[in-house]
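Please study the sequence together with the three-dimensional model shown below.

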Amino acid sequence: MNTPVLVLAKDSNKVLFCASLHHAARMVEDFRQAEWVSKTPPIIRARIVGLTAQNMTRPLKTRLYGNCHVLNPEGEVMFHCNQDKINWYLSRGLAEKVKDDPPTIQLKFQPNGPGHMGDDYYLTSKRNECVVCGSKVQLTRHHVVPWCYRKYFPAIVKDHSYHDILLLCVACHDKYEEEANRLKEKLAFEYGIPLMGTGWHHDKTIIKLKKHAHALRKHWKGIPPARREELLDTLRDFYKKHDITEEDMERADAMESMIQTEDFARHGETIVAKISETYLDLESFVKMWRGHFLETMDPQFLPEHWNQDRPIVRERDKNDGRWA
Ligand SMILES: [Zn+2]
């Protein structure tokens with residue numbers, strides 16, 4: 001079982017991220033030098049690995065915006081996409097090429113819906129650059145609403161919120177991540193939902209077992225024989241055997257004392273459930289994150305028509321009954 005661990009910045013109490021111990025171990029520069037702030041709940045203070053390490057922000061391998069145009073049979077622009085999608089239509093004979101610059105095709109069949117017709121944001125070509133600093137290298141996708149919340153959004157919102165996925169360079173992304181973590185902590189406090197989720201059980205037997213095993217391993221020689229026997233008895237009770245090996249002690253010391261119960265609920269899931277009881281609350285939640293990003297990062301290269309107040313569901317989707 002993966003116990004979430006809060007990782008704090010080396011020289012402060014700033015939460016860098018919350019991840020499973022296993023995940024955290026891969027990201028922390030030198031896990032052996034990480035300092036335990038508390039074991040229940042698990043909190044460590046450490047320096048995290050540089051940008052190239054596994055699981056840290058990684059730059060995209062391909063360009064996010066292909067800026068290729070797709071026209072309907074009437075010749076109106078329906079949507080923009082990348083070259084692969086254009087090739088897909090062409091190779092199946094579903095479209096014909098109109099021009100090369102920008103790459104444009106026209107569909108030979110009547111599509112089901114209007115695509116992004118009439119939507120200035122989607123039909124404006126976008127530059128592949130960091131929206132904050134304009135860098136054209138080391139770009140990565142940025143979810144304006146952090147993924148830990150966004151993944152619990154209803155499909156109708158997720159499907160059409162490509163507006164809330166922006167390009168950032170890795171450096172700006174990591175800088176914003178710290179700001180976002182601060183807001184997450186604030187939400188955790190306001191809603192009473194810790195970042196590590198709710199529904200944890202602290203197993204007192206294991207806590208005691210770990211404590212005694214740890215003492216035996218670290219201070220074996222310094223412990224008076226009578227006390228040593230008492231400590232060993234805790235392990236004997238647990239393992240139901242008399243002879244306790246070094247390996248038994250090591251295993252007991254490494255055990256997890258925090259266990260997820262049946263009621264365990266993730267921070268993001270619970271917050272989204274609370275706020276999405278009404279459409280307007282979910283929308284204001286999204287707008288709050290957009291505003292936070294604008295205020296903290298002051299992006300100078302946002303795509304044209306990007307709008308903090310854009311509704312999270314298109315009018316026509318709201319009307320077709322899919323929004324419950
Ligand atoms: Zn940047």
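Histidine 305 lies in the loop between helix 10 and helix 11; helices (H or I, at least four residues) and strands (E, at least two) are DSSP runs, numbered from the N terminus. The model is a predicted one, in which local features need pLDDT of at least 70 and side-chain atom pairs count only at pLDDT 80 or more, while totals for chains, interfaces and linings use all residues. Residue numbers start from 1 along each chain as its sequence is written.

Although histidine 305 is not a glycine, its phi is positive, at about 75°. Aspartate 298 is found in the loop between helix 10 and helix 11 (315-319), and its phi is also positive, near 45°. Most residues other than glycine have a negative phi.

Are these two residues buried or exposed? A residue is buried if 20 or more other C-beta atoms lie within 10 Å of its own, exposed if 12 or fewer, and partly exposed in between, with C-beta atoms placed from the backbone. Histidine 305 has 14 C-beta neighbours inside 10 Å and therefore counts as partly exposed. Aspartate 298 has 8 other C-beta atoms within 10 Å, so this residue is exposed.

## Arginine 290 in helix 10

Arginine 290 belongs to helix 10 (residues 279-297). This arginine counts as buried because 20 C-beta neighbours lie inside 10 Å. Two residues are in contact if their C-beta atoms, placed from the backbone, lie within 7 Å. When neighbours within four places in sequence are left aside, arginine 290 is in contact with Val144 and Gln308.

## Helix 6 and its cover

The buried residues of helix 6 are Leu209, Lys210, His212, Ala213 and Leu216. An α-helix has 3.6 residues a turn, so residues three or four places apart point the same way. Helix 7 (225-239) and helix 8 (246-253) are included in what covers the buried residues of helix 6.

Helix 7 has 15 residues, and the distance from its first C-alpha to its last is 20 Å, close to the 21 Å expected at 1.5 Å a residue. Just after helix 7, lysine 240 takes a positive phi of about 55°.

The axes of helix 7 and helix 8 come within 11 Å and cross at roughly 85°; axes are lines fitted to C-alpha atoms, for helices over the stretch in contact, and angles run from 0 to 180 degrees between N-to-C directions. Helix 7 is therefore roughly perpendicular to helix 8. Angles under 35 degrees count as roughly parallel, over 145 as roughly antiparallel, 65 to 115 as roughly perpendicular and the rest as oblique.

Which residues make this contact? Leu235, Phe238 and Tyr239 in helix 7 meet Asp248, Met249 and Ala252 in helix 8. By class, this contact of helix 7 with helix 8 has five nonpolar, no polar and one charged residues. Here Ala, Val, Leu, Ile, Met, Phe, Trp, Tyr, Cys and Pro count as nonpolar, Asp, Glu, Lys and Arg as charged, and the others, Gly among them, as polar.

Serine 257 is placed in the loop between helix 8 and strand 12 (258-265). With 20 other C-beta atoms within 10 Å, serine 257 is buried. Its C-alpha atom is separated by 5.3 Å from that of isoleucine 206, 51 residues apart along the chain.

Proline 102 is found in the loop between strand 7 (95-100) and strand 8 (103-107). A cis peptide bond, with omega about -10°, joins aspartate 101 and proline 102. Proline 102 counts as exposed because 12 C-beta neighbours lie inside 10 Å. Not counting residues up to four places away in sequence, proline 102 touches Asn67, Cys68, His69 and Ser125.

## The chain and its confidence

The protein chain has eleven helices and twelve strands. Buried residues make up 20% of its 324 residues. The mean pLDDT of the chain is 84, and 83% of its residues reach 70 or more; pLDDT is the predictor's confidence in each residue, from 0 to 100. Confidence is lowest in helix 1 (residues 21-27), at a mean of 61, and highest in helix 7, at 96.

How values were computed. Expected span 1.5 Å × (residues − 1).
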